[in-house]
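Here are some friendly notes to read alongside the structure. Keep it open as you go, and look up each residue when its name comes up.

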Amino acid sequence: MRPAEVIHLQKSQCRLPESGWGLLHLKGGVVTAGKEWTNDGAVHEIHSLKRRAVKATRPVPIPPVLVRMLREHIRCFGVAPDGRLFRNAAGNYIDASAYGLTWRRAREAAFTLDEHALELAKRPYDLRHAGISFWLASGVDPAECARRAGQGIQVLFRHYAKFLAEARNHANSLIEESMRRWEEAKDSSA
């Protein structure tokens, strides 16, 4: 999900079963535009899904671990009067600067100095890149990755197919195994 989609996520958009995979029906996102840039003078503006019709939705399957996390979040914090899952202490939309500050603190606490210096997951949006890259590295069909991400395949490979450290090791193992089989076949034919 894009951060704007997360901020706008409502309980009615979530299918969160007791077990197994869930489903999010994304409907759009909220952006901070500033009072001077909106028609009604509000700070936030609700947009449709990126490059989609106003009423379009995007179904996104979510793994059981995320289903459990969202269920627990709702149990602990409830939902806003309009059904949003995430809100600030005053019940308003979460501001990008607020989650950005929290994200920087979390990175400092979780990463080693070397990882921090590499600027891994520097922005919350980088989690989207990592998630989509993980799907691709897991062998998920690129067309399905693009559909879930709400992107075209060209955009998927140009912007989201980022390097994951484990992908290099996996590729090396595949190549080594092929080379071993090739050597064995060559030796047995000699």
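**Notes on the model**

1. Let us start with Trp103, which, leaving aside its neighbours within four places in sequence, is in contact (heavy atoms within 4.5 Å) with Ala121, Lys122, Arg123, Pro124 and Leu127. Trp103 is found in helix H3, residues 96–110; helices (H or I, at least four residues) and strands (E, at least two) are DSSP runs, numbered from the N terminus. The C-alpha atoms of Trp103 and Pro124 are separated by 6.7 Å, although the two are 21 residues apart along the chain. The backbone oxygen of Ala121 lies 2.7 Å from a polar atom of the Trp103 side chain.

2. A word on what you are looking at. This is a predicted model, in which local features need pLDDT of at least 70 and side-chain atom pairs count only at pLDDT 80 or more, while totals for chains, interfaces and linings use all residues. Residues are numbered from 1 along each chain as its sequence is written, and side-chain values use heavy atoms, with hydrogens and water left out.

3. Next, find the sheet. Three strands form an open sheet in the order E1-E2-E5, with antiparallel pairing; two strands pair if DSSP finds at least two bridges between them. Strand E1 (14–15) and E5 stand at the edges with a single partner strand each, so one side of each has no neighbour in the sheet. In general, strands of a sheet pair through backbone hydrogen bonds, either parallel or antiparallel.

4. Now zoom in on one pairing. Strand E2 (residues 22–26) is joined to E5 by five bridges. Within E5, Pro61 is the bridge partner of Leu23, and Ile62 is the bridge partner of Gly22. Strand E5 (residues 58–62) is mostly covered, as four of its five residues are buried. Buried means under 20% relative accessible area, exposed over 50%, and partly exposed in between (1.4 Å probe, protein chains only).

5. Which residues make up the largest nonpolar core? There are 12: Leu9, Cys14, Leu16, Leu24, Leu26, Val60, Ile62, Val67, Leu70, Ile74, Leu85 and Phe86. Such a core is a set of buried Ala, Val, Leu, Ile, Met, Phe, Trp, Tyr and Cys residues joined through side-chain atoms within 4.5 Å. E2, E5 and helix H2 (64–77) each supply at least two residues of this core, and H2 gives the most, with three. Apart from it lies another core of eight residues, among them Leu136, Cys145, Ala149 and Tyr160.

6. Helix H2 also holds Glu72. Glu72 is partly exposed, with a relative accessible area of 37%. Its side chain is joined to that of Arg75 by a polar contact of 2.6 Å. A polar contact is a pair of N or O atoms within 3.5 Å; within protein, one must be able to donate a hydrogen and the other to accept it, and residues adjacent in sequence count only if both atoms are side-chain atoms.

7. Helix H7 (residues 153–160) has Val155, Leu156 and Tyr160 buried. Seen down the axis of H7, its buried residues fall within an arc of 105° (taken from the directions from the helix axis to the C-beta atoms), so they line one face of the helix. The face turned away from that buried side carries the exposed residues Gln154 and Arg158. Helix H5 (126–137) and helix H6 (142–149) are among what covers the buried residues of H7.
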